[in-house]
Amino acid sequence: MALLEVKNLHVSVEDEDVEILKGVNLTLDTGEVHAIMGPNGSGKSTLASVLAGREEYEVTEGEILYDGEDLLELEPEERAEKGVFLAFQYPVELPGVSMTNFLREAVNAVREARGEEELGAGDFLKLVRERAKLVDLSADLTKRAVNEGFSGGEKKRNEIFQLAMLEPRLAILDETDSGLDIDALRQVSEGVNKLRSDDRGFLVITHYQRLLDYIVPDHVHVMVDGRIVRSGDKELAKELEDKGYEWIREEATAAA
Ligand code: ADP
Ligand code: MG
Ligand code: MG
């Protein structure tokens with residue numbers, strides 16, 4: 001059984017009669033990294049938001065199966081507890097709430113859902129240190145308030161740290177590369193690569209090919225105007241880097 005199966009997914013914005021996703025199909029297995037590329041406004045973030053359960057979107061047709069279960073029936077918190085992780089779903093800044101306290105609740109909620117025991121304070125801090133090190137984040141940062149005063153690169157590394165802590169089965173990274181200089185990009189990618197595993201799948205959304213030099217995907221999909229118009233392997237990403245998106249848009253229009 002696939003980890004994630006998106007079938008003929010149509011999505012509109014609630015209150016507005018505009019269809020954003022127009023029949024998306026995608027199958028992702030554990031152990032795989034899928035990249036979704038595409039021009040701005042093509043619907044990539046909308047797909048990520050719908051997977052995480054953001055309220056403002058309405059699924060008008062199609063289905064999403066996660067581990068064979070109807071994902072759309074689950075509340076956002078239930079999805080998170082069952083191992084769906086979306087990097088940007090976590091708060092941008094939470095003044096006064098330390099990363100550690102914030103994550104302790106999230107980690108224990110996930111553990112409870114998996115039928116595991118709650119982590120005590122000591123074990124939790126041990127895990128924090130271990131995982132912070134894994135993604136090259138200073139353990140001092142984890143004591144600060146959530147994202148408060150973090151640089152752009154630190155915020156992104158913090159997202160990967162959250163991923164490392166929550167151990168999701170499906171990790172969705174939306175534009176994790178945006179605004180990163182080359183060193184930060186490399187650090188973030190190394191963190192992700194360490195977290196690749198046989199029982200985890202990644203959906204990596206990016207507008208630019210360069211992230212995929214570091215996080216090498218098994219499959220690449222191109223989204224244009226609410227549809228996946230082409231899928232391939234990592235060579236497809238290189239082709240897009242060379243030729244841009246226009247040719248693929250023209251092809252898609254001609255085929256429609
Ligand atoms: P991408 O991530 O590929 O750049 P998005 O999913 O962010 O694309 O957006 C796809 C289209 O849907 C855009 O035209 C965007 O303006 C529109 N859209 C996305 N979310 C909303 C929303 N909450 N309300 C209105 N329009 C939206
Ligand atoms: Mg956008
Ligand atoms: Mg986007």
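**Entry 1: Asp136**

I began with Asp136 and asked: is it buried, partly exposed or exposed? I found 15 C-beta neighbours inside 10 Å, so Asp136 counts as partly exposed. The model I am reading is a predicted one. Next I looked up where Asp136 sits. It lies in the loop between α4 (121-134) and β8 (145-146). Then I checked its backbone. Phi of Asp136 is positive, about 65°, although Asp136 is not a glycine. I noted the background rule: most residues other than glycine have a negative phi.

**Entry 2: Glu167**

I looked for another positive phi. Glu167, also a residue other than glycine, has a phi near 45°. I counted 19 other C-beta atoms within 10 Å of Glu167, so I put it down as partly exposed. The cut-off for buried is 20 or more.

I followed β1, residues 4-13, to its partner β2. They pair in the antiparallel sense over seven bridges. In this pairing, Val11 stands opposite Leu21 of β2.

Then I picked Ser12, which is placed in strand β1. Ser12 has 18 other C-beta atoms within 10 Å, so it is partly exposed. Which residues does Ser12 contact, leaving aside neighbours within four places in sequence? I listed Asp17, Val18, Glu19, Ile20, Glu58 and Thr60. I also checked Val59. Ser12 and Val59 are 47 residues apart along the chain, but their C-alpha atoms are separated by 6.5 Å.

What lies across this sheet?

**Entry 3: around ligand 1**

I listed the residues that surround ligand 1. They are Val13, Glu16, Ile20, Gly38, Asn40, Gly41, Ser42, Gly43, Lys44, Ser45, Thr46 and Glu56. Which element gives the largest share of this shell? Helix α1 does, with three residues. I sorted the shell by type and got two nonpolar, seven polar and three charged residues.

**Entry 4: the sheet of six strands**

I moved to another open sheet, in which six strands follow the order β6-β9-β10-β3-β11-β12 and the pairing is mixed. Its edge strands are β6 (84-86) and β12, each pairing on one side only. Ignoring direction, neighbouring strands in this sheet are turned by 20° against each other on average.

I compared two of its pairings. Strands β3 (residues 33-37) and β10 (residues 201-205) pair in the parallel sense over four bridges. There His34 stands opposite Leu203 in β10. Strands β11 (residues 219-224) and β12 (residues 227-232) pair in the antiparallel sense over five bridges. There His221 stands opposite Ser231 in β12.

How many residues lie between β11 and β12 in their hairpin? I counted two. Asp225, in the turn, has a positive phi of about 50°.

**Entry 5: the nonpolar core**

I looked up the largest nonpolar core and found that it has 65 residues. Those with the most contacts inside it are Ala35, Leu51, Phe85, Leu170, Ile172, Val204 and Val222. Helix α5, residues 152-166, gives the largest share of this core, six residues.

I took Ala35 for a closer look. Neighbours within four places in sequence aside, its contacts are Val204, Thr206, Leu212, Pro217, Val220 and Ala237.

**Entry 6: Leu236**

My last stop was Leu236, in helix α8 (residues 234-243). Buried or exposed? Leu236 has 21 C-beta neighbours inside 10 Å, so it counts as buried. Not counting residues up to four places away in sequence, Leu236 touches Val220 and Arg230. I also checked Leu236 against Met37. They are 199 residues apart in sequence, and 9.9 Å apart in space from C-alpha to C-alpha.

Note on methods. Residues are numbered from 1 along each chain as its sequence is written. Chains are lettered from A and ligands numbered from 1 in the order in which they are written. This is a predicted model: local features need pLDDT of at least 70, side-chain atom pairs count only at pLDDT 80 or more; totals for chains, interfaces and linings use all residues. Two strands pair if DSSP finds at least two bridges between them. A residue is near a molecule or strand if its C-beta atom, placed from the backbone, lies within 6 Å of it. Ala, Val, Leu, Ile, Met, Phe, Trp, Tyr, Cys and Pro count as nonpolar, Asp, Glu, Lys and Arg as charged, and the others, Gly among them, as polar. A residue is buried if 20 or more other C-beta atoms lie within 10 Å of its own, exposed if 12 or fewer, and partly exposed in between; C-beta atoms are placed from the backbone. Two residues are in contact if their C-beta atoms, placed from the backbone, lie within 7 Å. A nonpolar core is a set of buried Ala, Val, Leu, Ile, Met, Phe, Trp, Tyr and Cys residues joined through C-beta atoms within 7 Å. Axes are lines fitted to C-alpha atoms, for helices over the stretch in contact, and angles run from 0 to 180 degrees between N-to-C directions.
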